[in-house]
Amino acid sequence: LCATSSDESAVQSALGLCLLKMDEPAQALPFLQRASELEPLVAVHAWNIATAAQSAEQSAIYYIKSNE
């Protein structure tokens, strides 16, 4: 899948959101985190990570990432 190696934040975000919509939040997190790394000033990426982390019961991940 070329989307997994893309350095486009929109591609990473879309893939993560698709996985989140498919109720796969743990699998969505790496893609959403990559989107945030590519565009750190875009707040919606942080929101998406928080949503996925909470759904995956991994909210500590979001807390750690948001404080780096």
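User: Which pattern does the chain follow when read along the sequence?

Analyst: Read along the sequence, the pattern is α-α-α-α. The model is predicted, so local features need pLDDT of at least 70 and side-chain atom pairs count only at pLDDT 80 or more, whereas totals for chains, interfaces and linings use all residues. Residues are numbered from 1 along each chain as its sequence is written, and side-chain values use heavy atoms, with hydrogens and water left out.

The secondary structure comes to 4 helices and 0 strands, taken as DSSP runs numbered from the N terminus (helices: H or I, at least four residues; strands: E, at least two).

Two packed helices are described by the angle between their axes and the distance between the axes. For helix 1 (residues 9-21) and helix 3 (residues 43-55), the axes come within 11 Å and cross at roughly 25 degrees. These axes are lines fitted to C-alpha atoms over the stretch in contact, with angles from 0 to 180 degrees between N-to-C directions. Helix 1 and helix 3 are therefore roughly parallel to each other (angles under 35 degrees).

In this pair, S9, S13, L17 and L20 of helix 1 meet H45, N48, T51, A52 and S55 of helix 3, a contact being heavy atoms within 4.5 Å. By class, the contact of helix 1 with helix 3 has 3 nonpolar, 6 polar and no charged residues; Ala, Val, Leu, Ile, Met, Phe, Trp, Tyr, Cys and Pro count as nonpolar, Asp, Glu, Lys and Arg as charged, and the others, Gly among them, as polar.

For the chain of 68 residues, 34% count as buried (under 20% relative accessible area, 1.4 Å probe, protein chains only).

Terms used:
Parallel < 35°, antiparallel > 145°, perpendicular 65-115°, else oblique. Buried < 20%, exposed > 50% of the residue type's maximum accessible area, 1.4 Å probe, protein only.
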